[in-house]
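Trainee: Could we go through this model together, one question at a time?

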Amino acid sequence: MGKKGSALVWAVSSMLILAVVAAAVLTMGGVYAHRSIRDNSSRQAYLTARSAVDAMIAQLEQEEGSTTLVPAAAGSSQAVSFTVPDPLPGQISASIGREVAGGVAYALLSATAIVGEASETVKARMKLAEGGGGGGGDSPVWDYRIFAGNTIDCQSGNMQIGGSIHSNGSVNIGWSQGRISGNAEAVTSFSIQGPVTEYTRIFPAAVIPMPDFSGYVESVKIPDIVMPGSYAIHTTGSALKSDSRQNWNQDMYVTGDVTVDHGVDITSNVYITDNLTVREGVKVTGNLYVEGYINFESGGAEVVDGYVHADGNMTVKASRKLTGNLYAGGDISFPNGSDIEGNVYAKGNITANGFLTMKGTLSAGGAVSLPSGAKIGGNLFANGDIVFNSGLTADPAAALCVYSAHGNINNRVHTIGTINGVIYAPEGTVALNENVTFNGSIVGKTVTGYAGNLIMGECAFDFPFLGGGDSGWEFVRYE
Amino acid sequence: MNRLMKKLKRWRSGMTMVEVVVSVALIAVAALILSSAFGASLNVARRGVDSQSAGNSAFTAIEQQSAASGSTGSIAFSAGGKDYTVSGRYLSQTQTVNGVQVTFHSFEATGP
């Protein structure tokens, strides 16, 4: 006792050093663990924000260009309020803005999610894609109820035009009673005979060029059939004889003519080098390629999301519903009518008798002849004439497009009920007959005929043929 | 200065038994405390590593939507005074590494 030493000093010093090291290690471990938690929160925040952006993209892809989801003014944005249910964690604040660059409108989507202490933002860009139009979509022609590249020559007992008419040549109209709420415009000569109730005469008017929609026709061309490079079965047409209904459910390459007497279900890819005749019904959900002609005779033909291709002609004698694609290098005929919801394309002519209900696209390199009472609710294109053998019926809730690129649309265009859409023959004549009630535009090189009642108004629908009505938003990229 | 040198000479002379005993006791107590602290620290750090690893796996899986379980649902939002509801699938992906479990959730939109 009483002696003095240094052990206590060393002990205390060692403890201090150990305490500092321990504190450092503890801190580092804690920081690392905290960073891991924060990283995972950050990832979840990204997923939550991405989910919100994806939801906005999904909604916008279904919206038309004029949606209120995207503000109308360029450079502006609006908040989007999300209600995020379980199990998606976090809070979302989002916005949608509009930007215009190079004449194209973009929607800028942004969502920021906060999860724990982490915050992540996901952005995406969508583009406003205008409907097809080949450069004619913005043409003022579509603002007219009747437009003629050369002549308007119409007689009517009662002509009620809700809008304007225009001819780059002459206007010659006679009516017992009539009204044109807008302008009546002619370039070379002007005559309206009958009691004048209302219209604004503009003569001589300026020439308005006919719009070009050749690009639009190409844009709705039926897709090519895709057949496999090899087939599981190689056989001959004569080997496919059967006393009962057949089921072709394996890819098959058939040489020679094929005649099926008791019906067939085709659920695979079948290639036939010659002709095909089917009796007692056929149902196609696969792909059928025939180098020759196809005859679907008695029993009904049903094409459900499949594709039937013939290099030659195709005859569908007893058509059921056609929701797939039909292609013929020659003509297609429906002698007993058809219910078409898919796409039908013939390089030659398309003829339907009996009845025709159409919701898809029907296009012909040649002419189209439709039966009495044809009910059209889709697109109808032809290079040649389009003939309505009697009245034309259309779904009043849908827009109709009838376009003859080089021929006439005649000779009995009259309507049953109100029709919305466009009848367009830029190089031919649109001939009206009996009563016509039509909301939209009738456009031809010549518009002529006698209509007991000719009642026209503005189309109630946005319309893709007009090159802007059915515009929609397309995803571009995440940013 | 001379007094300081004298003190140092006296310290160099050795340590007393009491100092030795007290020092050993203090170091022992400190070692005990620090060892448990080190253990806890290592445990925290290891859990951080496991959490990071589980998070990597879960995030990759849910991003690729591989093996992610899902249930149909919808997500609602409003803008411009209008309400929208988008249908889709809620995906969740859980990964466990050494008892550390990480779960991520996302929403795969299919359309209005």
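Mentor: Start with terms. Two strands pair if DSSP finds at least two bridges between them. Helices (H or I, at least four residues) and strands (E, at least two) are DSSP runs, numbered from the N terminus. This is a predicted model: local features need pLDDT of at least 70, side-chain atom pairs count only at pLDDT 80 or more, and totals for chains, interfaces and linings use all residues. Residues are numbered from 1 along each chain as its sequence is written, while chains are lettered from A and ligands numbered from 1 in the order in which they are written.

Trainee: Which residue in β3(B) is the bridge partner of B:Thr96?

Mentor: Strands β2 (residues 82-97) and β3 (residues 100-111) of chain B pair in the antiparallel sense, over 11 bridges. They form a hairpin with 2 residues between them. In the turn, B:Asn98 has a positive phi of about 50°. The β3(B) partner of B:Thr96 is B:Gln101.

Trainee: In what order do the elements of chain B run from the N terminus?

Mentor: Chain B has 2 helices and 3 strands. From the N terminus on, the order is α-α-β-β-β.

Trainee: Which element gives the largest share of the side of chain A that touches chain B?

Mentor: Residues are in contact if their C-beta atoms, placed from the backbone, lie within 7 Å. The contact takes 46 residues from chain A and 47 residues from chain B. On the chain A side, the elements giving two or more residues are α1 (7-62) and β1 (77-83). The largest share, 29 residues, comes from α1(A).

Trainee: Which helix of chain A has the lowest mean pLDDT among the elements?

Mentor: pLDDT is the predictor's confidence in each residue, from 0 to 100. Chain A averages 83, and 89% of the residues score at least 70. Where pLDDT is low, the predicted coordinates should not be read in detail. The lowest mean, 61, belongs to helix α2 (residues 214-219) of chain A.

Note on methods
Contact = placed C-beta atoms within 7 Å.
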